[in-house]
Amino acid sequence: MKKLTIRARLTLVYGGLFLFAGTVLLAVTYVLVDQRLTRGLGFDLRSRDPDRMSLPQSGTKITPEQADTLRGLVRQVQEDARQDALDSLLTQGGVALAVVTVAAVAFGWLVAGRALQPLNQITGTARRIAGADGAGRGLHERIALDGPTDEVKELADTFDLMLEKLDRSFDGQRRFVANASHELRTPLAINRSLVELAVTRPDAPAELRQLGETLLTVNERHERLIDGLLTLAESENTLTERTEVDLAEVAAHLTDQTAARTTLAVSRTLAPARTVGDPVLLERLTQNLLENAVRHNVGENGWLTVTTTTDDGRAVLTVSNSGPVVPGYEVESIFLPFRRLNRERVAGNRGFGLGLSIVRAVTRAHGGTVHALPRPGGGLVVTVSLPTPPRAG
């Protein structure tokens, strides 16, 4: 019963109640007809009082012997007629009840479907919003249920109000991150220019040059942080540019750059993996995966591997690396902004914890999925799966 839909359960309840009511009605009718047929000839055949023995209508007295004979004949005729009538009532009434019950179940199915149609509309809207790519997407959609003001319409209106508030909240959050990132870039650019000007002066003392280099390093970290925030905000928005991109080409270019500036053993197996999306964001996705694999590694004896392929109609990019052992329950936390392993907020020179957050945001914006699996010997295997271009024709 628990596995049945609400529509099926309502139909069964409606049909069951109708069958129960029809059965009770048939039983009551059976008892009433039985009692009426027992007295059908004008006297009670079950009575043994001689004073009450008389012919119907005429009232003529009869002898006990005649009464016994007449009683036997009448009882036989009445019993046969009563039994035939009751059998006919049960048979025809049962058939009629079965036919009407089937019709009632069919009618109940239609009525239940009609009554649940607003709930199906609410469910469809919620499913489309939940299936939208990226956080906050699809919240502009509304149910806008028409009909009388009842409990279902009140539920739909409440759901629309919740969607409106969530939509405003997500829009405000994205605008704040984007505006803050843009506004913070300007003073950082000015700071960098002033520091570079100061340290490049011919008469600048060594202490000033050392201080300037330290300030430039700090300024560069802040610029990278703001750039990551801006990329994260932009990747949460709807894609405005969609072109065909081969992940193998992107991975080959970025892998060459990574191998040139690291001592890790870099290997790659790149098969064509074409997808459709924003080339800049897809390049940033691949770059973040490589930088994360380099940053969270074991040093000079470490390695990383990049593979691309097309599997089951999906373009797949996989980046594996050596590194510290990652507990399985900590994998999800590394995709959160400003988080690394052990759920600690990042600090220092190992990054800001935005790399994999940007990877997830870009992947969702392109209608794909990303998941990470810890390697038994340490390190991670991060796999990004994106849809392939639609076939022509």
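Colleague: Which side chain makes a polar contact with the side chain of Gln257?
Modeller: The side chain of His253 does, at 3.0 Å. A polar contact is a pair of N or O atoms within 3.5 Å; within protein, one must be able to donate a hydrogen and the other to accept it, and residues adjacent in sequence count only if both atoms are side-chain atoms. Keep in mind that this is a predicted model, where local features need pLDDT of at least 70, side-chain atom pairs count only at pLDDT 80 or more, and totals for chains, interfaces and linings use all residues. Residues are numbered from 1 along each chain as its sequence is written, and side-chain values use heavy atoms, with hydrogens and water left out.

Colleague: Where does Gln257 lie?
Modeller: Gln257 is part of helix 5. Helices (H or I, at least four residues) and strands (E, at least two) are DSSP runs, numbered from the N terminus. The C-alpha atom of Gln257 is separated by 9.8 Å from that of Gln287, which is 30 residues away along the chain.

Colleague: Is Gln257 buried, partly exposed or exposed?
Modeller: Gln257 is partly exposed, with a relative accessible area of 34%. Buried means under 20% relative accessible area, exposed over 50%, and partly exposed in between (1.4 Å probe, protein chains only).

Colleague: And Thr286, buried or exposed?
Modeller: Thr286 counts as buried, at 1% relative accessibility. Thr286 lies in helix 6, and a polar atom of its side chain is 3.1 Å from the backbone oxygen of Leu282. Leaving aside neighbours within four places in sequence, Thr286 is in contact (heavy atoms within 4.5 Å) with Val250, Ala251, Leu254 and Leu317.

Colleague: Okay, zooming out. How many helices and strands does the protein chain have?
Modeller: Seven helices and seven strands. Along the sequence, the pattern is α-α-α-α-β-α-β-β-α-β-β-α-β-β. The protein chain has 393 residues, and 33% of them count as buried.

Colleague: What about the sheet: in what order do its five strands come?
Modeller: The order is 2-4-5-7-6, in an open sheet with mixed pairing. Two strands pair if DSSP finds at least two bridges between them. Strand 2 (265-270) and strand 6 are at the edges with a single partner strand each, so one side of each has no neighbour in the sheet. On average, neighbouring strands of this sheet are turned by 10° against each other, direction ignored. For angles, axes are lines fitted to C-alpha atoms, for helices over the stretch in contact, and the values run from 0 to 180 degrees between N-to-C directions.

Colleague: Which helices pack on the sheet?
Modeller: Helix 5 packs on it, touching strand 2, strand 4, strand 5 and strand 7, and the direction of helix 5 makes about 170° with that of strand 2. Helix 6 packs on the sheet as well, touching strand 4, strand 5 and strand 7, and its direction makes about 20° with that of strand 5.

Colleague: Strand 5 keeps coming up. How many of its residues are buried?
Modeller: Seven of its eight residues are buried, so strand 5 is mostly covered. Strand 5 pairs with strand 4 in the antiparallel sense over eight bridges, and seven bridges join strand 5 to strand 7, also antiparallel.

Colleague: What do strand 4 and strand 5 form?
Modeller: They form a hairpin with two residues between them, and Asp312 in the turn has a positive phi of about 55°. Asp311 stands opposite Arg314 in strand 5.

Colleague: Now the inside. Which residues touch the most other members of the largest nonpolar core?
Modeller: Leu285, Leu289, Val306, Leu317, Val359 and Val384, out of 34 residues in that core. The largest share, six residues, comes from helix 6. A nonpolar core is a set of buried Ala, Val, Leu, Ile, Met, Phe, Trp, Tyr and Cys residues joined through side-chain atoms within 4.5 Å. Leaving aside neighbours within four places in sequence, Leu285 is in contact with Leu317, Val359, Val362, Thr363 and Val384. There is also a second, separate core of eight residues, including Ile122 and Leu139.

Colleague: Last one: where does Gly147 lie?
Modeller: Gly147 is in the loop between helix 2 (64-130) and helix 3 (151-199). Gly147 is partly exposed, with a relative accessible area of 44%.
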